[in-house]
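Please open the model beside this note and follow the points in order. Each one takes up a single place to look at.

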Amino acid sequence: RAFLAASIKKDPGSVVALVMARLVEAKRRNDWSYEPLSKEHNGKGLGLMEVEAGPRLLWDFLDWALEESKDIPSARRVGQAVSGLCGDYGEALLNLLLDWVSSGTQAHATLVARVLQESQPALIYEHSKFIRDILNAAELVGEEALDEIRSAIAAATHSGIRGGTPGEPFPDDLRMEQHCEQMLATLSRAEPAFDLYDGLLKDARYAIARQRKSKEAIEEEDD
């Protein structure tokens, strides 16, 4: 990984070509133990979007992957590879995904959904405008595209490690509840993003209530 991170600054095209070759090999093996590329647990990737040719190479990579990933497992590996190449998703990458899917088809939306599923959990807080824009674009593609991208964002949101005091609502759930309430206050029910935030709000409130019930059960046992 250190070698690839250094190499991508000098010859990014060769690094992307290597990732493509590993994706082809993963498809041939049909074995999940073979991982073409993924990001590190700290969210760090190889830094593809930081090099001048990065956006063009990523666009070409997505075009190539569209032809290679005809099934969901392959599409998921592509998502992992994008996160491995780029790390946590920033504005440049997200704008590229929006542009790429906006003129596309259901197949484009499926692939973008798998890419977004590998995003950082904080995406929901960091890029609210993008979330509204990508869901609006997905709606123009079709209902299936909208459902896939909305589900992918929700899955990414829930993918982080949560922690807190036993019996007390987790800080992440309280933060999510507050954020969703704020976002829903700015949205109409007709907007595609409404159902996303409404679903996340219900999940947060369920988790908060479950923790409080756990505390009540502990207190009853002590009594």
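Predicted model: local features only at pLDDT ≥ 70, side-chain atom pairs only at ≥ 80, totals over all residues.

1. Now find the largest pocket. It holds about 800 Å³ of space. Its lining is made by 32 residues. P121, H158, S159, G160 and I161 lie nearest the pocket's centre.

2. What classes of residue line the largest pocket? The lining has 13 polar residues, ten charged ones and nine nonpolar ones.

3. Rolling a probe the size of a water molecule over the atoms shows where empty space is left. Here the count is one cavity of 30 Å³ or more. The volume of the largest cavity is about 60 Å³. L23, V24, K27, W64, E68, S69, S74, R77 and V78 form its lining. Helices α2, α3 (54–68) and α4 each give two or more residues to that lining. By class, the cavity lining has four nonpolar, three charged and two polar residues.

4. Turn to the nonpolar core. In soluble globular proteins, nonpolar side chains tend to be buried together. The largest nonpolar core in this model has 65 residues. L58, F61, L62, L116, I134 and I149 have the most contacts inside it. Take I149 as a case to trace. Beyond its neighbours within four places in sequence, I149 is in contact with A109, V112, A113, L116, I134, L135 and A138.

5. Is S119 buried or exposed? S119 sits in the loop between α6 (106–117) and α7 (123–126). Its relative accessible area is 3%. The cut-off for buried is under 20%, so S119 counts as buried. The side chain of S119 reaches the backbone oxygen of L116 at 2.8 Å. Leaving out residues up to four places away in sequence, S119 touches K39, Y89, A156 and S159.

6. Finish with E25. This residue is in helix α2 (residues 12–29). The side chains of E25 and R28 are joined by a polar contact of 2.6 Å. Then check E25 against P36, eleven residues apart from it along the chain. Their C-alpha atoms are separated by 8.2 Å.

Definitions and conventions. Residues numbered from 1 in each chain as written. Heavy atoms only, no water. 1 Å grid on protein atoms, 1.4 Å probe; cavity = no way out; pocket = protein on both sides within 12 Å on 5 of 7 lines; lining within 4 Å. Points joined across faces, edges and corners; volume = space filled by probe spheres on them. Nonpolar A, V, L, I, M, F, W, Y, C, P; charged D, E, K, R; others polar. Helix = DSSP H or I, 4+ residues; strand = E, 2+ residues; numbered from the N terminus. Polar contact = N/O pair within 3.5 Å; in protein donor to acceptor, adjacent residues only side chain to side chain. Core = buried A, V, L, I, M, F, W, Y, C linked by side-chain atoms within 4.5 Å. Buried < 20%, exposed > 50% of the residue type's maximum accessible area, 1.4 Å probe, protein only. Contact = heavy atoms within 4.5 Å.
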